Amino acid sequence: MTSTIERASDLVQGLYREGAAIADTKAPEVPLRDRWEQRKFAARLVNPANRRKMHIIVVGTGLAGASAAATLGEAGYNVSAFFYQDSARRAHSIAAQGGINAAKNYKNDNDSVYRLFYDTVKGGDYRSRESNVYRLAEVSANIIDQAVAQGVPFAREYGGLLDNRSFGGVQVSRTFYARGQTGQQLLLGAYQALERQVAAGTVTTHSRHEMLELVVVDGRARGIIVRDMVTGAIETHLADVVVLGTGGYGNVFYLSTNAMGSNVTATWRAHRKGAYFGNPCYTQIHPTCIPVAGDYQSKLTLMSESLRNDGRIWVPKKKGDDRDPRQIPEDERDYYLERRYPAFGNLVPRDIASRAAKQVCDEGYGVGPKVEGVSRGVYLDFGDAIARLGRPAVSAKYGNLFDMYERITGENPYEVPMRIYPAVHYTMGGLWVDYDLQSSIPGLYVAGEANFSDHGANRLGASALMQGLSDGYFVLPNTINDYLADGPFEKIASDHPAVVEAVASVRQRVNHFLTNNGSRSVDSFHRELGQIMWEYCGMERSEEGLKFAIGRIRELRAEFWRDVKVLGTNEELNQALERAGRVADFLELGELMCIDALHRRESCGGHFRAESQTEDGEALRHDDEFAYVAAWEYAGADEAPVLHKEALVYENIELKQRSYK
Ligand SMILES: Cc1cc2nc3c(=O)[nH]c(=O)nc-3n(C[C@H](O)[C@H](O)[C@H](O)COP(=O)(O)OP(=O)(O)OC[C@H]3O[C@@H](n4cnc5c(N)ncnc54)[C@H](O)[C@@H]3O)c2cc1C
């Protein structure tokens with residue numbers, strides 16, 4: 001094994017300070033299997049008659065936020081839900097294609113809660129908390145029951161039972177799906193539950209409202225400042241507790257599979273007010289996306305991982321072979337995943353499949369048009385599956401994905417293999433939370449992709465929907481009461497200094513953007529930031545590259561504030577203005593991501609440091625030094641962030657070099 005990583009911490013001197021260690025104090029110290037039961041029993045309750053006196057703000061109506069708001073409304077709390085789309089139904093969760101995991105063992109293939117727990121911890125390269133992951137695996141089965149009861153049309157097999165397929169990093173079939181539209185169908189289920197509460201009067205929804213500040217009073221989260229995106233009005237909303245279910249920050253890379261609107265503003269504003277940011281550098285690059293087509297592209301499209309159940313990935317054995325793939329005979333094809341990882345084959349986890357694709361393309365075996373002299377594409381071929389199962393069966397499983405591919409590329413994947421390449425897809429990092437999903441600011445809870453909680457350094461496919469719904473339907477409704485048992489808290493006046501300060505800072509930012517009158521568009525800054533992040537903090541990171549990126553991002557940020565141009569006014573729907581605020585926050589987040597990546601001088605999961613790899617190019621962890629969550633505290637605009645380490649303790653799973661061979 002080779003590791004040229006230096007152990008001396010002076011590599012990153014001056015970029016951060018180290019603060020006191022932290023720990024999760026909410027998971028009970030009982031055997032793993034009893035922890036959630038015990039926590040639910042120990043958490044204090046709020047009498048049903050008192051619940052309506054408690055006001056809960058939920059920001060976000062994706063799967064995490066909508067399920068939380070609906071369940072808390074059903075419990076009788078007074079809930080206000082905020083989101084920036086015109087309908088709660090349009091949250092980014094709607095894009096999820098492939099499926100949702102649950103340990104039901106319907107296929108009788110040795111699945112169990114323990115196996116889902118084990119696969120998830122191993123898949124995350126041993127950088128997640130055992131307590132949280134075990135609870136997620138336990139709760140997974142309830143999610144399916146709840147969704148079925150809501151009428152979510154999961155695929156069924158001939159006997160009527162729900163069907164399952166496999167996703168990467170596992171050897172069982174535990175992924176429930178609704179064709180290639182699982183997120184949409186689950187979101188419709190959560191949405192109707194939410195609307196039911198709206199009709200019942202427990203939930204009020206605020207569409208087209210963007211949270212731009214968190215209000216913190218006496219150390220507790222007490223409200224938010226939002227901008228009405230249609231009228232420009234800046235509004236204050238106060239409550240007893242605030243929940244963020246505001247999604248991930250993959251769009252810091254500009255090009256990603258995320259919805260165009262996905263951003264970091266809500267969590268970043270909370271971070272600036274004291275919420276620690278956990279593992280910001282852990283980003284997931286998904287192996288099966290449609291390759292970048294040109295300089296003016298602003299969005300990348302995912303081809304679901306489910307396709308790897310039947311599609312086989314290969315490149316020609318000869319470098320630069322530009323024959324029609326159908327003319328390349330079997331013995332001249334390299335099915336490199338099947339060759340390198342015979343046990344898991346095409347279903348290795350995403351980080352491994354992505355790096356392998358990059359490697360073969362870097363070596364000159366890639367296919368498709370050349371970008372800067374390199375073809376960045378590999379084949380995903382359904383020839384065998386169509387021959388074995390027939391076209392109708394393949395179409396029944398993946399038809400909408402095939403249609404989407406054909407609409408975008410003009411090629412018919414039933415006839416010609418798809419061309420795919422890795423792209424930014426998901427962020428495992430997010431606001432640090434304890435077992436109750438409470439952030440380091442009391443009264444601020446975080447759910448779904450917005451928190452860092454369950455996936456360690458790499459998320460397994462079909463587990464984000466599971467986590468979002470676990471957090472919203474089952475975890476938060478059983479933990480938030482423990483905090484609210486001390487409420488309702490003293491009313492906050494709208495002229496409280498903390499509110500006045502938060503409103504003033506929002507107004508000042510909006511005014512700056514609208515009056516700066518620089519020469520560069522918001523998008524040009526975002527695109528440049530994305531290029532820096534992809535190049536130096538993407539699939540492979542090195543000390544030299546990350547240091548360069550930090551310097552470049554700082555320069556770009558200064559230029560942004562000096563030279564950004566935003567047209568239009570505040571009192572209208574102004575997308576340039578919305579994006580300006582989001583890009584301002586991405587510019588700060590990007591720097592923290594690079595600092596986090598630089599300080600973590602090991603490779604783990606999606607975080608691959610060029611200097612830390614095994615002889616055969618796999619990620620090489622350093623458990624002796626880095627088996628911890630990096631929770632970053634904001635220290636001020638020009639101050640080095642403070643690193644708090646939460647040690648990861650493995651009592652049930654042995655730490656091992658991850659192997660899928
Ligand atoms: C193309 C694609 C396919 C995927 N497929 C799968 C899959 O098959 N299985 C799987 O498990 N995972 C999948 N994922 C991942 C999964 O979809 C997401 O991780 C998950 O849906 C995130 O849900 P969420 O509720 O946390 O956030 P989101 O769905 O992103 O919702 C965020 C919500 O927050 C609101 N919001 C954000 N910021 C603000 C603000 N400042 N003010 C007000 N409101 C705000 C938004 O309006 C929105 O309502 C996929 C992801 C992509 C990109």
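Two strands are said to pair if DSSP finds at least two bridges between them. The model is a predicted one.

**Strand β25 and its partners**

- Strand β25 spans residues 628-633, and five of its six residues are buried, which leaves the strand mostly covered.
- Strand β12 (residues 277-278) is joined to β25 by two bridges, and these strands run antiparallel.
- Within β25, W632 stands opposite F277, and W632 also stands opposite L643 in β26.
- In general, the strands of a sheet pair through backbone hydrogen bonds, in either a parallel or an antiparallel manner.

**An open sheet of three strands**

- Three strands form an open sheet in the order β8-β9-β10, and their pairing is antiparallel.
- The edge strands are β8 (209-217) and β10 (234-238), each of which pairs on one side only.
- From one strand to the next, the twist averages 25 degrees.
- Helix α13 (residues 497-516) packs on this sheet and touches β8, β9 and β10. The direction of α13 makes about 145 degrees with that of β8.
- Strand β9 (residues 220-228) is joined to β10 by five bridges, and the two strands run antiparallel.
- G223 stands opposite L238 in β10.

**The ligand and its surroundings**

- There are 37 residues around the ligand, and those that come nearest are Q85, S93, G98, M211 and E449.
- A polar backbone atom of M211 is 2.8 Å from a nitrogen atom of the ligand.
- An oxygen atom of the ligand lies 2.9 Å from a backbone N or O atom of A64.
- For G245, a backbone N or O atom lies 3.4 Å from an oxygen atom of the ligand.
- How much of the ligand does the protein bury? Taken alone, the ligand exposes 1,000 Å², and the protein buries 98% of that area.

**Helix α7**

- Why is helix α7 (residues 265-272) described as largely enclosed by the rest of the structure? The description applies because seven of the eight residues of α7 are buried.
- A residue counts as buried when its relative accessible area is under 20%.
- The buried residues of α7 are T265, A266, T267, W268, R269, A270 and H271.
- After α7 comes G274, which has a positive phi near 125 degrees.

**Glycine G590**

- Helix α16 (residues 575-599) contains G590.
- Is G590 buried or exposed? The relative accessible area of G590 is 0%, so this residue is buried.
- Apart from its neighbours within four places in sequence, G590 is in contact with V252, M533 and I553.
- G590 and C537 are 53 residues apart along the chain, and their C-alpha atoms are separated by 8.9 Å.

Conventions:
Residues numbered from 1 in each chain as written. Predicted model: local features only at pLDDT ≥ 70, side-chain atom pairs only at ≥ 80, totals over all residues. Heavy atoms only, no water. Buried < 20%, exposed > 50% of the residue type's maximum accessible area, 1.4 Å probe, protein only. Helix = DSSP H or I, 4+ residues; strand = E, 2+ residues; numbered from the N terminus. Axes fitted to C-alpha atoms, helices over the stretch in contact; angles between N-to-C directions. Contact = heavy atoms within 4.5 Å. Near = heavy atom within 4 Å. Polar contact = N/O pair within 3.5 Å; in protein donor to acceptor, adjacent residues only side chain to side chain. Areas by Shrake-Rupley, 256 points an atom, 1.4 Å probe, with all protein chains shown as cover.
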